[in-house]
Amino acid sequence: MKKLLTATAALALFAGAAAAEEVKIGVVAAFTGPLESLSPPIADGHELALKEASDSGLFMGGSTILPVRADSTCVDAAAATAAVERLVTSDRVSGVLGPMCSGATGAVVSNVAVPNGVVAISASATSPALSSIEDNGLFFRTAPSDARQGDVMADIVLEKGIEEIAVTYTNNDYGKGLSDSFVSAYEAKGGTVTLVAAHEDGKADYSAEVGALASAGGDALAVVGYVDQGGAGIVQAALDTGAFDTFVFPDGMVSDALTERFGSDIDGSFGQNPASAGEGRDLFTAMAEEAGFDGTSAFSAEAYDAGALMVLAMQAAGSTDPQVYKEKMMEVANAPGEPILPGELAKALEILANGGDVDYVGAASIELIGPGESAGSYREITIEDGELKVVGYR
């Protein structure tokens, strides 16, 4: 259960009020690489929360927040590590929002966050392996583990009447983790997987991979990949050869970039990505529109929530020291406390400054479980008339 701020923490807040400062927070996204089309709304979501808290004048006694961006590239773990190392050692950030992709996130947590004692919160890294990573209590994610997405995906596929399916996955931590989760759940529920095959990103021709998948057969092809890279290449090769005309798309493929490229050629295909319905989602979408970006883009809402949780944890702890405020992350995210929705960060900051409790609900109905990750709900989508349409939530 949450506890009221101790006298010591309250004094720390008072001290912070007397010494307002500029607090730097890293915003790390895959601005280049196979998910670059998803990166701008994710970074914008992070920064919308930081701006809201900073502009309120109530954060840490009037301290301002300066976001500092860095490119994690998604697939280059060394580049991600170097980029975040610079944020920590040169820019002296008090926390890191990101990275986006699972492999880069694992590398950053192990090589930068833990050695330097810095909190990292990812809004989109979903590999099940990250649930058990050695993180010294410094790593959190507002996205759910793919252990759950695989189960949800299996249910959706079977409900569509698809009893045999071929699966291809991008050959990295994210692709293999989600593929394994889906295959295990799908087979346990009675489905048949004809072939599971990895694909590499960055190739000009995927006809060989698609040929093998087509030979194995199946009523559909599950493409566990990236919309700006190999995943799109697989779909293009399948359409060109007539190998498959129905595709199953998990989160790394769910983007307007998908329908912009393929249009009605993929009508009847479907999939899912982490998202929740409700007042919080609607409020955030409207806020994002006013700020000039697409709040319905995958993981944008979770990105806003990551930024909000970081600043609220700092406020609750009365400190921007990651070793101190990491202890408040679970408290501000969960009940008991005053429910907090998007646009209500000023109210939350005031409650915390006065020694009260908050239950951050946010844009994605955040509830942190286990090792500091979202319990998760999913938005089910389908492609109709060349457009991505939402059909429900799970």
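## Loops, a helix pair and a mixed sheet

Pro99 sits in the loop between strand E3 (96-97) and H4. This model is predicted. A cis peptide bond links Gly98 to Pro99, with omega at about -5 degrees. Another cis bond joins Ala335 and Pro336, where omega is about 5 degrees. Pro336 belongs to the loop between helix H13 (329-333) and strand E11 (338-340).

**Helix against helix**

Two packed helices are described by the angle between their axes and the distance between the axes. Helix H3 (residues 77-89) and helix H4 (residues 102-116) pack at about 35 degrees, with axes 8 Å apart. The crossing of H3 past H4 is right-handed. Which residues of H3 meet H4? They are Ala77, Ala80, Thr81, Val84, Glu85, Val88 and Thr89. Their counterparts in H4 are Gly103, Ala104, Ala107, Val108, Asn111, Val112 and Asn116. This contact of H3 with H4 involves eight nonpolar residues, five polar ones and one charged.

**The sheet**

Strands of a sheet pair through backbone hydrogen bonds, either parallel or antiparallel. Here seven strands form an open sheet with mixed pairing. Their order is E7-E6-E8-E9-E10-E15-E16.

| Strand pair | Bridges | A bridged pair of residues |
|---|---|---|
| E6 (residues 164-170) and E7 (residues 192-199) | seven | Glu164 and Thr192 |
| E8 (residues 220-224) and E9 (residues 247-249) | two | Leu221 and Phe247 |

Phe299 is not a glycine, but its phi is positive, near 70 degrees. Phe299 lies in the loop between helix H10 (279-291) and helix H11 (300-317). Ser365 also has a positive phi, about 50 degrees, and is not a glycine. Ser365 is in the loop between strand E12 (358-360) and strand E13 (368-369).

Is Phe299 buried or exposed? Phe299 has a relative accessible area of 4%, so it counts as buried, the limit being under 20%. Ser365 is partly exposed, at 40% relative accessibility.

How values were computed: Residues are numbered from 1 along each chain as its sequence is written. This is a predicted model: local features need pLDDT of at least 70, side-chain atom pairs count only at pLDDT 80 or more; totals for chains, interfaces and linings use all residues. Side-chain values use heavy atoms; hydrogens and water are left out. Axes are lines fitted to C-alpha atoms, for helices over the stretch in contact, and angles run from 0 to 180 degrees between N-to-C directions. Helices (H or I, at least four residues) and strands (E, at least two) are DSSP runs, numbered from the N terminus. A crossing is left-handed if the near helix is turned anticlockwise from the far one by less than a right angle, and right-handed if clockwise. Contact means heavy atoms within 4.5 Å. Ala, Val, Leu, Ile, Met, Phe, Trp, Tyr, Cys and Pro count as nonpolar, Asp, Glu, Lys and Arg as charged, and the others, Gly among them, as polar. Two strands pair if DSSP finds at least two bridges between them. Buried means under 20% relative accessible area, exposed over 50%, partly exposed in between (1.4 Å probe, protein chains only).
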